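This report examines how two protein chains meet in a model. Please look at the sequence and the structure below before reading on.

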Amino acid sequence: MSALVLALLVIVSVVLTIQSSYTLYMMIYTWDQPEAERLARAPDSFAPPTLSFTVMLPARHEEEVIQQTIDNVVRANYPTNLLQVFVICRDDDQGTIDQALAKIDELQADGMDVVDVVVFDDLPINKPHGLNHALRFATGDVVTIFDAEDDIHPDIFDIVNTVMVRENVNVVQAGVQLMNYRSRWYSTLNVLEYFFWFKSRLHYHAKYGSIPLGGNTVFFGRGLLHRLGGWDETNLTEDADMGLRISQLGERVRVIYDDRYVTREETPPSLQHFIKQRTRWCQGFMQTLAKGTWKDMPTRMQRFLAFYTLAFPNVQAALGVYVPISLVMIVVLHAPVIVALFSYLPVLLLGAHFMIHVVGLYEFTEAHGLEASPLLVLKMAIAWFPYQMVLAFAALRALHRQLRGINNWEKTSHTGQHREAWDAVAADAA
Amino acid sequence: MPRSLFATLTRPNGRPLLAALVLGAASHGYHLFRYPLYLTDEGIYVQQAWSVLRLGHLSPYTYFYDHAPGGWLVLAAWTGVLPGQFDTFGNAINTGRALMLVVHLCSVFLLFEIARRFSGSVTGAFVATLFFNLSPLAVFYQRQVLLDNLMVFWVLLSLYLIIKADNRITTALAAGLAFGMALVTKENAVFFGPVLAFLLYRRIRGRSNRRFAQGFWLFAGGVPVSFYLMYATLKNELLPSGFNFALDSPPEDHVSLLYTVWWQLNRTALGGNGFWEMMQDFWLPKDQLLLGGGAVATLILLVMGLAHRRRNEAQLVAGLLTVSYVVYLTRGSVLLEFYVLPLVPLLALNIGLVVGDAMERLPRLNGRDRVVKCVSVAALSGVLLTPLGGYLVVRGDQGQLQAHDMYRLRLTDLQESQLAWVRANVPPAAKVIIDDDIWPALHDNKPFYPFAHSHWKATADPDVRDKLFGRSWRNVDYVVMSNKMRIAMTKNNADGREDWILDALDNHSERVWHLTRGDVQLSVYRVDGTVAPADTSDQEEAQR
C-alpha cells in the first residue's frame, strides 16, 4: 500500500513539475521570443482614424468612478464623431444612472453628444446580459468594452484603429494592468498576475489560436459579434468563452501589450471581494470547460491549450488538497530519498515562479515609473504561500458552487484605488 | 544529428569543423582502449556508476561526499542505455572511455564554435581544435574516464550558450543549467563562475529581458547544486554531528557534506606535488608547445582585453577564464596530475584566438588570403605532427622515427593479463586487496569477487577495514597491485593506516605473478604468513 502511495507521489510530482514548467514558460514567453516582443508593442505611427467605435461601459453601483471613466473615454485622442459611448445599467441602480446622466449633461454643455445611458430591466443581472442588450443599439464598426473603473490611455483608439486597418484583423485584445501594487497584502501578487497574463501569456495563446479573452479593452468587429450571437449570458466568464468561440471560428486575435498604453485597473478592495472575483473566474472556466466549445476547435494544439487553461482551476483546487497531504505522506511513510527528491521537483518550480515574480515586480515598476524595493520583495515572499492558499480556496469554493448549481454573479466593487495610486505617482513626478 | 550541428557542418565554412571532428575522433579514438594504463580514478568513477545502476546507491561503500555525483550519474546513464551495459566495449573502463570519446567530440564542436564566435575567424577556431585534438596532454588525459573531462564539457557548453546570440531567456537558462551540471560534476568548476557571470552580464546588458536572463541563469545554475544539498539533507548528512568542524577530530557517527567541503578547503599539499612540481614532472614533459604557447597567448589576450575591455571583450574573457583556473591550481591545495585537464581547452582556445586575430589582420591579398591561411594552418600542422612538435611522430632511442607512445603502446594489455591471472588462480571467495582499476571487472563479471577491495577502502572505510579485514594481514588472502599502487600506499600512510597491508606485503606474502614493461610493474602477492622466497611466475618483458 505504502509503495503504491509513494509511486503516486512520484507520478503526481512529475506531472506537477511538467505542468508548472509549462505555465512558467507561458509567463515568460514574450521575453523569451524576440519576435513576440516585437509584435506586442504598439505601432510607432498611427493610421488616420477611419473606424468608428461603440464603447460599452457596463456599470453596477459604480457611482464613485463612472463619471471619471466616461470623461476618459470621450476625451481620448480620437475624433468624437467616431465614438459612441453606452453606459449600461439596470433600472434598479439609480445612483449610477444619475451620476452618468449628470456627466452627460456636463459633456453636452461642452458640445459632446456621444454618450447615452442604456437601461435594462429584465434578468439576469449580469454583465453579458447588459452587453447583449446594448449591442442591439451599437452602430460603430468596432465594439469595445471598458469596465467602470478603467483608466484608458487616450491613444488606445488610434492604436486599435491602426492595427485593425493595417493588419486586417477583427479582434484586438489590448493590455490591462492592475496598478495599486502596494494597497493590500495580496495586491503585489495580484498585480503581477495581470502583468504576466497580459504581457506574456495571452501572446502565447494568440500564437496558437486558442485565446480566452479578457473582460475589457477588447475590441471586436461588430459584424463578428452579431455572427456569434453576442455573449453567453449563462457564463460567469463570458469573455473567456467569447475568446474560445472566436478561436473556434479560426478568427485571428491580435494582442497588444505596450506598457505605455495599458488600461489601468485596481485590485479588489478586500480579501472577501478578491475571493469572490476569483471564485467567479474559476467557476466561469469550469462552466466553459463543461460547455465543450473547446472540443470543436480545429487543431489539437488549440484544443489542448483551451483545455489546459480551462481545467487549471480544477488543478488549483486539487493542489490545495494535494500539498498538505503529500507533506504528511512523506513524513508518515518515511519516503525513500529518491521519492523525496522527486517531491522536491515541484518545490524547485515554486522557487522559479517566485524568482520570476521578483523579476516581474522590477519590470512592472520600472515600466510604469514606480518603485520596487527589497522590503516589498520580502513582503511578497511572506504573502506568497497565503496567496496560493487563497487561490486554492477560491478554486475549491468555485467547485463547490458549480457542483451545487449556484451560478449567480458575485460582483467586485471598485473604489478607484488605482487612480489614487497613479495620482500620487503623477504628483511625485510633478 | 542535432539540427544546429547539421546546419553548422553544411554551411560553406563547415568543412574545417568537420575536419576538426574527424581529427578528434582519430586522435582520441585510435588506441583509446590500449593507452594509457587504466587509472585508479577511472576505476573509482566506473565503480560508482556501477553502484548507481546495480545497487541504487551513489557508491558501493559509504559515500562521504568527496565529489559531487553528477559525473558518474552521467556515466551510469550512458552505461544504462547501452545494450551490453558495462561490457559493451570489452570492459567497464573501456565503456567509460567510449563516453569520453563522445564527450571529446562534443567539446571539439563547442570549442570550435566558441573560438569562431570569439575571434570571428574559422582559421583561429581550427587552430584551437588542432591543439585540443592532438596535444599529448589532451590525448593522454582526455581518453581517461575522469570527472574533469565531463566538467570541461559542461563549462564549454555553458560558455557556448552564453555567447549564442539568440536573445532568448531559455538559452540563458540552459547556460545556467550547464554550469550547474559542471559544479556537481567537479566542484572546482566554481572557479569559472565569476568570469561566466561577467560574460553573461556583458552579453545581456541593455536587453529588455536581461533581468529574466540573469535570474534564470542563476536559478538554473543552482538547481543541480540544490539537489545535491537536498540529497545530503534528506540523508541527514548535510551537517556534521554536533556541528563539529574540527579537522583533527572528524565526527565519527556519520559523514557530512559540509564537513567534507571544509576539510577539502583546508587540505594543503604535503611534501611537494605543488603546481610547479606537477609542471616539471608531468605536464611539461608531455607538451611544452601547448603550455608555453598557451601561456604566451593568454598574456597577449589579457593585455589586449585590459587595454580595450569593450572592443576585446572575448579576449579578456578567454584570458580571465585561464587565469581563474591557474589560480585554482596554484592556491596550494592537493593536486593530481590530471588536474591540468581544464587548462587544455583554455590554452588551445587562447592560441586559436591569437592566431585568429593575426589572420584577420592580414592585408587583403586579392582573394589570396584564403591561400595564406590554408598554408599557415598546414605549416603549423606540419610542425605539430612531425618530430619538431612531437604530437604524432617522435624520434625513438636510436633516433628512428616512430609513432608517439599514445598511438603505439598497448599498455592496458598488461592490466588485462593481470586480471586474467587473477581469474584463473584466485578463488572468488578470497579476500583481496586491489587497486580500483580492476574493481569493476571483479564485481561486474562472473565469477564475482565480492571480497576484493581497494587499499583506499581497506584502510578508511570502517565496514571494510574493521569488519572484513580487521586491520590484520592475517585476514588478507591476496594483494593485486602495481608499482604505482605501492607509491600511493606509501603516500597514504602518514598516519600508519596502510601499515597492516604493507606488513602483509613485506613480511607475510610471496609474489606469485609479476610482469614488467618499462616503468610499469604489475604483481600479485599471496599472503600466507611466510616471507616470499621467490616468484612462481615471472613474465618480465624488456621495455620496447
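## Charged and polar links

In this predicted model, four salt bridges are counted between chain B and chain A. One salt bridge joins B:R211 to A:E363, with 3.1 Å between the closest N and O atoms. Between chain B and chain A there are also nine residue pairs in polar contact, with both residues at pLDDT 80 or more.

## The side of chain B that touches chain A

Two helices of chain B, α9 (169-185) and α11 (210-234), each supply at least two residues of the side that touches chain A. The largest share, twelve residues, comes from α11(B). By type, the residues on this side of chain B comprise nine nonpolar, six polar and five charged.

## Extent of the contact

Chain B brings 20 residues to the contact, and chain A brings 24 residues. About 2,000 Å² is buried between the two chains, and carbon and sulfur atoms give 72% of this area. B:R211, B:F212 and B:F227 supply 33% of the area that chain B buries against chain A, more than any other three residues. B:R211 is also the partner of A:E363 in a salt bridge.

## Confidence in the model

For the complex, the predictor gives an ipTM of 0.89 and a pTM of 0.90. Chain B has a mean pLDDT of 90, and 93% of its residues reach 70 or more.

Technical notes
Residues are numbered from 1 along each chain as its sequence is written. Chains are lettered from A and ligands numbered from 1 in the order in which they are written. This is a predicted model: local features need pLDDT of at least 70, side-chain atom pairs count only at pLDDT 80 or more; totals for chains, interfaces and linings use all residues. Side-chain values use heavy atoms; hydrogens and water are left out. pLDDT is the predictor's confidence in each residue, from 0 to 100. Contact means heavy atoms within 4.5 Å. Buried area is the accessible area (1.4 Å probe) that two parts lose on being put together, summed over both. A salt bridge is a side-chain nitrogen of Lys or Arg within 4 Å of a carboxyl oxygen of Asp or Glu. A polar contact is a pair of N or O atoms within 3.5 Å; within protein, one must be able to donate a hydrogen and the other to accept it, and residues adjacent in sequence count only if both atoms are side-chain atoms. Helices (H or I, at least four residues) and strands (E, at least two) are DSSP runs, numbered from the N terminus. Ala, Val, Leu, Ile, Met, Phe, Trp, Tyr, Cys and Pro count as nonpolar, Asp, Glu, Lys and Arg as charged, and the others, Gly among them, as polar.
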